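Work through the exercises below with the sequence and the coordinates at hand. Each task is followed by a solution in steps.

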Amino acid sequence: MKKIKLILKTLTFFIFGIILFGCGNGSSEEEDGGGSQPPNSYLEVQVIPTGGHQSIHSFGASDAWSTQFVGKNWPLDKRNRIADLLFSRELKADGSPKGIGLNSWRFNIGAGSASQGSPSGIDDEWRRAESFMTDSGYDWTAHEGQRWFLQAAKLRGVDHFTAFSNSPPIYMTKNGKAHSSGGASSNLNQDKYDDFAEFLAAVIENLYSNDGIQFNYISPFNEPQWDWTGGQEGSPWLNDEVVEVTKVLNEKLNQSSLNTKIEIAEAGKLNYLYENADKPGRGDQLNTFFDPNSTAYLGNLENLAQKIAGHSYYSTYGTSTLLSTRKSVFNKMNRLDPTMEFWMTEYCLLENNEEIEGNGRDLGIDPALYLGRVMYADLAVANASHWSWWLAVSPYDYKDGLVYIDPDKNDGTVYESKILWAMGHYSRFIREGYQRVEIKRSDNQSLEQSINGLLISAYKSPDSTKVVIVMVNQRSIEIPVKVKIEGKPTYDAKVFQTTASKDENLRYKGTISGEDVWKVPARSMVTFEIQ
């Protein structure tokens, strides 16, 4: 009888372990598999602060395109509410964050399509942009709405600014438009390279002298692989053209007193960083620009940032593609220069696949968890030092915004999304200089096994006194977790949580000790801030 009871007890525990940690099939496409079963009824995670990876620089978003209206026309209280959601590091009365604490902001240097109206060839008025350049010189009063958000960001502690250009000004382009006619090469003739570089330098110099905004980076090219024949401002660029413009801009910056570095080349897909793929002459940008043996080598320019920028679009589904693409980025960079940084500078949920569809605004948990997995892969697999979302404020029926608004240029309702708070699980707590560190899981799951299940990454402060742990539970079951930190037998952790519940958005849940087990809810994100 005792033997039967023992068998039943063992069988019960075994079944519970299968339900909790997965069935052990090792499949990364369908569901998280399981490794060796943990000895307890919870998952034990050990953080190893001495096992360091990349340092984190910043988290950000861009001001394209709606801030041109919101920052100029909307009521001040609503503008401030949006700015608080994006940039604030303050806490509410209940201890929950007021905002997601972005410390980086991307400013769109418009090409002037807004002045052309419908003849611009850009049907959507919201996607047109102003320009500081006019047909008679410069107008430094332009971009008023965007400049309001620059000041709002600075006021709330943002200290990293990037100015980016989608297209040269319409007064310089081949076709007089802010988009290309053919798409085969740049919409800028070679004899205008100097003018374009002069324009970019003048913009960042003026915004510093008049607005007090020091731009850390200037990004002259955006997704040069695409043809950009309409729909929004943009220009294709061949690698050879990128090289020539970058060299000219480097000289312009040498002539100025600005401490601004050039960021290249905002690849439209991550694989274009390490292979030509379907874009010969526009891809393989790591080898082209950063291999000292390349005839197009740019790595020795005084004002070139020692990083490569790319966008995570069209590389996030299925999970084998998600992982292999990011491993390839890291491996290529590591072979070329282990000190070089990878910056993921733009992403939103464009993909339409079996798991997520870009079309349709969704303020709920499903796109938030999809984002949580993408950010995990970019940070923990590609070793990104920076991560930026695309539209900080969106009027669209699309999964492209952190904060959503009504498509009204003068007023409307502000909507929070769980995409916003999902990003905040990383951006609000992982500050500049934090370093991603190694973890060990008691279930011994590999990266491939865990990628569709419970994702865990950890980061330590520069002085090693704080640790941040971000958990993304994509599964439909609650998972108990206990965290141990090597060399820190006791600690207190503040717990912040986002679930499907409408009111649970990066909500402060209290403090636990290192002896406590936290039950990570099904379909949720949880961050521990440990001191």
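**Exercise 1: a ring pair**

Phe196 and Trp237 are both buried, where buried means under 20% relative accessible area with a 1.4 Å probe and protein chains only as cover. The model is predicted, so local features need pLDDT of at least 70 and side-chain atom pairs pLDDT 80 or more, while totals for chains, interfaces and linings use all residues. Residues are numbered from 1 along each chain as its sequence is written, and side-chain values use heavy atoms, without hydrogens and water.

Task: classify the ring pair of Phe196 and Trp237 from its centre distance and plane angle.

Solution. Step one is the criterion: rings of Phe, Tyr and Trp (its six-membered ring) pair if their centres lie within 6.5 Å; planes under 30 degrees apart are stacked, over 60 edge-to-face, and the rest tilted. Step two applies it: the centres of Phe196 and Trp237 are 6.2 Å apart and the planes meet at 15 degrees, so the pair is stacked. Step three places the partners: Phe196 belongs to helix H5 (residues 193-211), and Trp237 to the loop between strand S7 (217-219) and helix H6 (239-254), 41 residues apart. Helices (H or I, at least four residues) and strands (E, at least two) are DSSP runs, numbered from the N terminus.

**Exercise 2: a second pair**

Task: classify the aromatic pair of Phe429 and Phe496, and state whether each ring residue is buried or exposed.

Solution. The centre-to-centre distance is 4.7 Å and the angle between the planes is 40 degrees, which makes the pair tilted. Phe429 lies in the loop between helix H10 (418-427) and strand S14 (435-441), and Phe496 in strand S18 (residues 492-498), 67 residues apart. Phe429 has a relative accessible area of 2% and is buried; Phe496, at 3%, is buried too.

**Exercise 3: the ring inventory**

Task: state how many aromatic pairs the structure holds, and which residues ring pairs link into a cluster.

Solution. The count of aromatic pairs is 22. The cluster joins Phe107, Phe132, Tyr138, Trp140, Phe161, Phe199 and Phe215.

**Exercise 4: the whole chain**

Solution. Begin with the inventory: eleven helices and 21 strands. Of the 531 residues, 60% count as buried.

Methods: Buried < 20%, exposed > 50% of the residue type's maximum accessible area, 1.4 Å probe, protein only.
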